[in-house]
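Welcome! Have a look at the sequence and the structure below, and then take the short tour that follows.

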Amino acid sequence: MNRPTEEQLSDYVNNHLSPKDAKKVLEWLSTSDGQAYLNQRLEADFEALDQRQKPLLKSKVTADDILRRAESQQKQPAMIKQRPKWGMVRLAASVALIVAVLGGLIYFLTGWTTYEEYQTAFAESADIRLPDGSMVHMSGNSKLKFAKEWESDMPREIWFEGEGYFDIVKKQAANKFTVKTPRNFDVQVLGTTFTVTARKSASRVVLETGAIALHVTNDSGADQIMMEPGDLVEMDQANDLLIKKEVRPEIYTSRKDDKLVFDKTPLKEITRILKDDYGFTVVVNDSKILDEKFTGVVPSKDVETLLEGLRSLLDVKIIRDENIIKLIH
């Protein structure tokens, strides 16, 4: 085995050699020549020390001690902070992307298959049976959404926008029925019949039978209003008002029988129905006629029979031009 150069020995002492070269130096130091070299270095270094430093040295430090210490240091595993390899990064990103796509797909399919959704067009009506056997009569331009399956011990919930008549099957208290609307109110019942109008132009609940807890939120907070049969509660959102009064429920529930019942109904309310339920733009030549009130019954199954009924009822001239209705006094 060749003797390392002085430079290699010096670099070994200062830990400047590569692991491969350091191993070669250590192997030579373990030979008799290497032992002699270490003893000479120890003697020389000891003599060079100041007299006050010598007592601090271990008295029996030998070349074997140095070699054992060096070997133990060579065997200690180095702690290396591994940087992530780009291949692993790309693999992890691909897995994350696949998981995200699958999660979104599962969410979409679950949401799509979990709920039933219905929407009526202008001048269209529909009768929808809910999972518990309750019925909803949807007037024109209305939306309904509910879960396909209802647990026997869970509350019943539906989401509704537009105008509709509800005939709710009575269940246990745990199965309370809630109509959630996009307006500022929800309707909570056990078993009852009532109408809901949840539109931008009007928010109203009319109770025909049973009992209702009406939950209303407004700028001043939340209110719960208990309703009895014959009660009408109207939410005037523009003026932040709640209006509660007694009415004849059949006037408001007549929509389920495809007819409109007017009882001293202002023309303004009739024009609202023409706009919201049938999609017409109503034009009047004198705004004063909007306050005139009318009483009577007209069919509401389709547009033509409705307009014909209104012509016989209203003391105004009605002209239809596509989706525009002109009321001329």
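## A first look around

Ala123 counts as partly exposed because its relative accessibility is 24%, between the 20% limit for buried and the 50% limit for exposed. Please keep in mind that this is a predicted model.

**Two residues with positive phi**

- Ala123 sits in the loop that runs between β1 (115-119) and β2 (126-129).
- The phi angle of Ala123 is near 65°, which is a positive value in a residue other than glycine.
- Most residues other than glycine have a negative phi.
- Asp258 also has a positive phi, near 55°, and is not a glycine either.
- You will find Asp258 in the loop between α6 (249-253) and β14 (259-266).
- Asp258 counts as partly exposed because its relative accessibility is 22%.

**The largest pocket**

- The largest pocket has a volume of about 890 Å³.
- Its lining is made up of 34 residues, and those nearest the centre of the pocket are Arg204, Glu234, Tyr252, Glu269 and Arg272.
- Sorted by class, the lining of the largest pocket has 14 charged, 13 nonpolar and seven polar residues.
- At least two lining residues come from each of β8 (193-198), β9 (203-209), β12 (231-236), β13 (241-246), α6, β14 and α7.
- Strand β14 gives the largest share of this lining, with seven residues.

**Arg204, by the pocket centre**

- Arg204 belongs to strand β9 and is among the residues nearest the centre of the largest pocket.
- Arg204 counts as buried because its relative accessibility is 7%.
- Leaving aside residues up to four places away in sequence, Arg204 touches Glu163, Phe185, Thr195, Val196, Thr197, Leu232, Val233, Glu234, Met235, Tyr252, Glu269 and Arg272.

**Helix α7**

- Helix α7 covers residues 267-276 and is mostly covered itself, with seven of its 10 residues buried.
- The buried residues of α7 are Leu267, Ile270, Thr271, Arg272, Ile273, Leu274 and Asp276.
- Helix α7 also supplies at least two residues to the lining of the largest pocket.

**Nonpolar cores**

- In soluble globular proteins, nonpolar side chains tend to be buried together.
- The largest nonpolar core here has 29 residues, and Val187, Phe194 and Leu214 touch the most other members.
- Phe194 has contacts with Gly164, Tyr165, Phe166, Ile168, Val179, Val187, Val189, Val206, Leu207, Glu208 and Ile212, when residues up to four places away in sequence are not counted.
- Another core, of 20 residues, lies apart from the largest one and includes Phe280, Phe294, Val298 and Ile318.

- Phe280 is found in the loop between α7 and β15 (281-284).
- Phe280 is buried because its relative accessible area is 3%.
- The C-alpha atoms of Phe280 and Ile324 are separated by 5.6 Å, although the two residues are 44 residues apart along the chain.
- Ile324 is also one of the residues that Phe280 touches, along with Leu274, Lys275, Val303, Arg320, Glu322, Asn323 and Ile325, not counting residues up to four places away in sequence.

**Aromatic pairs**

- The structure holds six aromatic pairs.
- One of them is the edge-to-face pair of Tyr115 and Trp159, at 6.1 Å centre to centre and with 80° between the planes.
- Tyr115 lies in strand β1 and Trp159 in strand β5 (residues 156-167), so this pair ties together parts that are 44 residues apart in sequence.
- Tyr115 counts as partly exposed because its relative accessibility is 30%, and Trp159 is partly exposed with a relative accessible area of 33%.
- Trp150 and Phe177 form an edge-to-face pair too, at 6.1 Å centre to centre and with 65° between the planes.
- Trp150 lies in the loop between β4 (143-147) and β5, and Phe177 in strand β6 (residues 177-180), so the pair ties together parts that are 27 residues apart in sequence.
- Phe177 counts as buried because its relative accessibility is 0%.
- Ring pairs link Trp150 and Phe177 with Tyr118 and Phe146 into a cluster.

Technical notes
Residues are numbered from 1 along each chain as its sequence is written. This is a predicted model: local features need pLDDT of at least 70, side-chain atom pairs count only at pLDDT 80 or more; totals for chains, interfaces and linings use all residues. Side-chain values use heavy atoms; hydrogens and water are left out. Buried means under 20% relative accessible area, exposed over 50%, partly exposed in between (1.4 Å probe, protein chains only). Helices (H or I, at least four residues) and strands (E, at least two) are DSSP runs, numbered from the N terminus. On a 1 Å grid over the protein atoms alone, a cavity is a set of points where a 1.4 Å probe fits but cannot get out, and a pocket is an open set with protein on both sides within 12 Å along at least five of seven lines; lining residues have an atom within 4 Å of a point. Grid points are joined across faces, edges and corners, and a volume is the space filled by probe spheres set on the points. Ala, Val, Leu, Ile, Met, Phe, Trp, Tyr, Cys and Pro count as nonpolar, Asp, Glu, Lys and Arg as charged, and the others, Gly among them, as polar. A nonpolar core is a set of buried Ala, Val, Leu, Ile, Met, Phe, Trp, Tyr and Cys residues joined through side-chain atoms within 4.5 Å. Contact means heavy atoms within 4.5 Å. Rings of Phe, Tyr and Trp (its six-membered ring) pair if their centres lie within 6.5 Å; planes under 30 degrees apart count as stacked, over 60 as edge-to-face and the rest as tilted.
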